Amino acid sequence: MAISRICVIGAGTIGSLYAGHLASVCEVSVLTRRSEHAAMLREHGLAISGKHERHVELFATAEPAELPRFDVGIIACKALDLELTASRLAGQAAGAAMMTVQNGLGAETVLARHGAWPIISAVTFMSGIRHSDVHVEYELDTETWMGPWAGTATPYELVAELAALMISAGLQAEAMADLLPAQWSKLIFNSAINTVAALTGLPHVGLFAQEREFGDLGLLVHGLIDEGVAVAAAAGVSLHEDPWEMNVLAVARGETAHSDYAHRPSMLEDVVAQRPTEVEFITGALVREAARVGVEVPLSTAMYRLVRAREASWAPSVAGAVV
Amino acid sequence: MGAERRRGGGLSMRVCIVGCGAVGGLFAAHLATLEDVEVWAYDVVAEHVAAINAAGLRLTGRAEILATVNARTDPAEIPPCQFGIVATKAMFTERAIAECAGVFVDGAVCSVQNGVGNEELIAEHVSRVIRGTTFPAGHVVAPGVVAMDTGGDTWIGPFEDRPASADEIERLAQALTRGGMPTVALADARGAQWTKLIFNAASNPLGALTGLTHGRLCELPATRELIRGLVREGVAVAESLGITLDSDPDELIDHAAEVAYDHRSSMLQDALAHRRTEIDVLNGGIVAFGAQTGTPTPLNEAIVALIAGMEHGWDSQPPGEGR
């Protein structure tokens, strides 16, 4: 199967980065949530700045029925919006494969409830800054890892072809026969970095890896990561990368070493904007998995509770759901 | 011995309040109502000191007092005093007592500050130290004006390493009680101090991290459970030190949820104003004493790291209000 038509579903920061790059190598359509957003994209195209400079024309709509046929759909909405997004796709795009890039665990299962598409699991480390509906800055030009989801008979060859297409478009991508080890590496990394950033207000700075003396933030980050590693081991997952080394590497990079340029994890952005966070899908998923495999995770549980309580401070209705 | 014997005209004691802010102001004003007590105050805020000397120290709220207090920014201008009451924020203890040591060459100095570890610092500069814990609270309304927000008892007893005499402690307790601040002299004041410490350490930082009032923190099962975990660690450290608590901190927490549902913890107020918190002598104190006895305190350590990280972030942002 030759992939020549891609549909990006959800044109936030990550979705826009995929669309803006892939449109230079294949036909790209975009499904937005807001019709004004789709109109802006049809009129002005999509501009990428930062690590790469691109300006592409593409078709965009807010109506799933108006989408042209496509070979692969990249579902790039937030984890919180996945249920709604997947339900809008139900009955559409027969014959296409779908790739999920949501943070945390469980996106594939949610999507599979709404259609029989072959599913590709993916995690991405890319990040960007959304300047407008039609302009996104490419901040961290890091990889997307992808693999066939075990729940559907997705051929590895399709994943490899998609990865190759992304690389030809200038993105970093890697196809893997089994994504679980990578997905868990990112889950553990994300859970620690996002919750610490959200609660302290700090971007991902060097302090996250500093463990010189008592009270240093790196000790807490390391403790959280150790808990996650223990859960993965008990769940029978061998990690793709050591999440602590990922953390050390990330803060050592030029982009994040100085606080002025430090990456602001999405959970920090959500807390600052007083939006619901993805903590339920990230740390919540980790805590539930820990309970399932019988591993104690007191620090992760504390972070999960604190972020949920923080959400409750601006959204009283969330309170009832807190465990 | 009773106060009766000591009454009977003339000056019976000279007291210097070190740090005449909210709590120090409560002690200064109440003591100054006694004819036989001369009250001096050391404070670094020149405007506050000038206002006290010009128009007296005014207490509003739960107590209406206009007190004559001799306030100074230069300790060299303060005569030798029989008693000192240190009421600075904990991070200023060392500097303040070093400055004022000459005032207490033949005096006994009592800490009424938050947390643990203040007496140890005071004892490096004066020979007789009193361990104190106080519940009354207030806030500085304007230079020379302090509002008394809550009443309550004060407990004082010898600091074990460099103790004041039982007679001195009794005299101070009598004077404070006569002045309108009910004070209990104890042979061992550690139980009272650790009860308040554990209460504060389990609740204050959670307010700062989540933005929730005390009542809401206790209402949400997630944060109530986290409070319980923090209390459990604090109680274990107290037990390892051979300290018998006054009362169950968990019960105090629930009681406070009823009587002070809307209370925003002082640390939450500090966080909102970007003022340095007292985390080092609260949760940091529990961790430090726990380390001495080999008692694990992982949750308290996590809280210290989060608050320290939060404070670190303020350094790179415009300074908040306060001093």
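## A helix pair in chain A

In which kind of crossing, left-handed or right-handed, does helix 6 of chain A pass helix 7 of chain A? The crossing is right-handed. Please keep in mind as you look around that this is a predicted model.

Helix 6 of chain A covers residues 180–200 and helix 7 of chain A covers residues 217–234. Their axes come within 9 Å and cross at roughly 150°. Angles over 145 degrees count as roughly antiparallel, and helix 6 and helix 7 of chain A are therefore roughly antiparallel to each other.

From helix 6 of chain A, the residues that take part are Trp184(A), Ile188(A), Ser191(A), Ala192(A) and Val196(A). They meet a set in helix 7 of chain A that includes Leu217(A), Leu220(A), Val221(A), Leu224(A) and Gly228(A). Sorted by class, this helix contact has 11 nonpolar residues, two polar residues and no charged ones.

## Two domains in chain A

Chain A is divided into domain 1, residues 5–177, and domain 2, residues 181–321. Between the C-alpha centres of these two domains of chain A there are 25 Å. Domain 1 of chain A gives 15 residues to the contact, and domain 2 of chain A gives 12 residues.

On the domain 1 side, strand 8 (119–124) and strand 10 (135–140) of chain A are the elements that give two or more residues. That side of domain 1 of chain A divides into seven nonpolar, six polar and two charged residues.

## Where chain B touches chain A

Let us turn to the contact between the chains. Chain B brings 24 residues to it and chain A brings 26 residues. On the chain B side, at least two residues each come from helix 7 (190–210), helix 9 (221–240), helix 12 (283–293) and helix 13 (298–315) of chain B. Helix 13 of chain B has the largest share, with 11 residues.

By class, the side of chain B that touches chain A holds 15 nonpolar residues, eight polar residues and one charged residue.

## The sheet of chain B

Chain B also has an open sheet of eight strands, in the order 5-2-1-6-7-8-11-12 and with mixed pairing. At its edges are strand 5 (70–72) and strand 12 (183–185) of chain B, each of which pairs on one side only. From one strand to the next, the twist averages 20°.

Within this chain, strand 7 (residues 108–111) and strand 8 (residues 128–134) of chain B run parallel, joined by four bridges.

Technical notes. Residues numbered from 1 in each chain as written. Chains lettered and ligands numbered in written order. Predicted model: local features only at pLDDT ≥ 70, side-chain atom pairs only at ≥ 80, totals over all residues. Axes fitted to C-alpha atoms, helices over the stretch in contact; angles between N-to-C directions. Parallel < 35°, antiparallel > 145°, perpendicular 65-115°, else oblique. Left-handed = near helix turned anticlockwise from the far one by under 90°. Contact = placed C-beta atoms within 7 Å. Nonpolar A, V, L, I, M, F, W, Y, C, P; charged D, E, K, R; others polar. Pairing = 2+ DSSP bridges. Domains from an automatic or database assignment.
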